[in-house]
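Start with the structure itself.

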Amino acid sequence: GGDGDRQSALAAVDDDALKRRACRAASALAGVEQAAVRETVVRRWTSGIPQFDAHNVHGERMRVARSALLRTGRVSLAGKLFGDGVGVPDCIASGVECANSIEFK
C-alpha cells in the first residue's frame, strides 16, 4: 500500500528501460555483476492491483475524516475503500490499526 504513484510511473517506462532497471536491482540484491543476468521478460498486468490517483485526493479526504472520527473515540474507518491500499496485507493492517484506535468502554 502507498506505492501507487511510484508504481504508476513504472507502468509508463518502456520494456527495455524496465528490464535494465530490474536487472540493476536484482544484481545489487544478489551481489552479482549485471552480466550474469541472461534473460529477462516483461509481463505487464495492467489490471492487477488498482493504483491510486496521482495527487492522493482520496487519501487526504480519508485523513481528514479519520481525524474527525478519532476525536469521538468510538468510530474509525478501515479497508480498501478508505485509502489504505487494496492488497490483503494492507486491509489487515488497516483493520488492526482501526481496532486499536477505538476506545472500548
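## Faces of helix α4

On the face of α4 turned away from its buried side sit the exposed residues V88, P89, I92 and N100. Exposed means over 50% relative accessible area, buried under 20%, and partly exposed in between, with a 1.4 Å probe and protein chains only. The buried residues of α4 are D90, S94 and C98. Seen down the axis of α4, these buried residues fall within an arc of 65°, so they line one face of the helix. The arc is taken over the directions from the helix axis to the C-beta atoms.

α4 covers residues 88-101. It has 14 residues and reaches 20 Å from its first C-alpha to its last, close to the 20 Å expected at 1.5 Å a residue. That expected span is 1.5 Å times one less than the number of residues. Helices are DSSP runs (H or I, at least four residues), numbered from the N terminus.

## Basis of the model

This is a predicted model: local features need pLDDT of at least 70, side-chain atom pairs count only at pLDDT 80 or more, and totals for chains, interfaces and linings use all residues. Residues are numbered from 1 along each chain as its sequence is written, and side-chain values use heavy atoms, leaving out hydrogens and water.

## A nonpolar patch

V88, I92 and V96 form a nonpolar patch on the surface. Together they have about 290 Å² of accessible area. Areas come from the Shrake-Rupley method with a 1.4 Å probe. Patch residues have over 30% relative accessible area and no salt bridge, and nonpolar side chains are joined within 5 Å. A salt bridge is a side-chain nitrogen of Lys or Arg within 4 Å of a carboxyl oxygen of Asp or Glu.

Why does I92 count as exposed? I92 counts as exposed because its relative accessibility is 54%.

## After α4

I102 lies in the segment after α4. I102 is partly exposed, at 22% relative accessible area. The C-alpha atoms of I102 and L69 are separated by 9.8 Å, with the two residues 33 apart along the chain.

## Helix α2

α2 spans residues 15-30 and has 16 residues. Its reach from first C-alpha to last is 22 Å, close to the 22 Å expected. A17, C23 and S27 are its buried residues. They cover an arc of only 125° around the axis, which puts them on the same side of α2. On the other side, L29 and A30 are exposed.

At the start of α2, a side-chain oxygen of D14 reaches to within 3.1 Å of the backbone nitrogen of D16. G31 follows α2, and its phi is positive, near 70°.

Note on methods
Helices (H or I, at least four residues) and strands (E, at least two) are DSSP runs, numbered from the N terminus. A polar contact is a pair of N or O atoms within 3.5 Å; within protein, one must be able to donate a hydrogen and the other to accept it, and residues adjacent in sequence count only if both atoms are side-chain atoms. Patches are made of residues with over 30% relative accessible area and no salt bridge: like charges are joined within 9 Å, nonpolar side chains (Val, Leu, Ile, Met, Phe, Trp, Tyr) within 5 Å.
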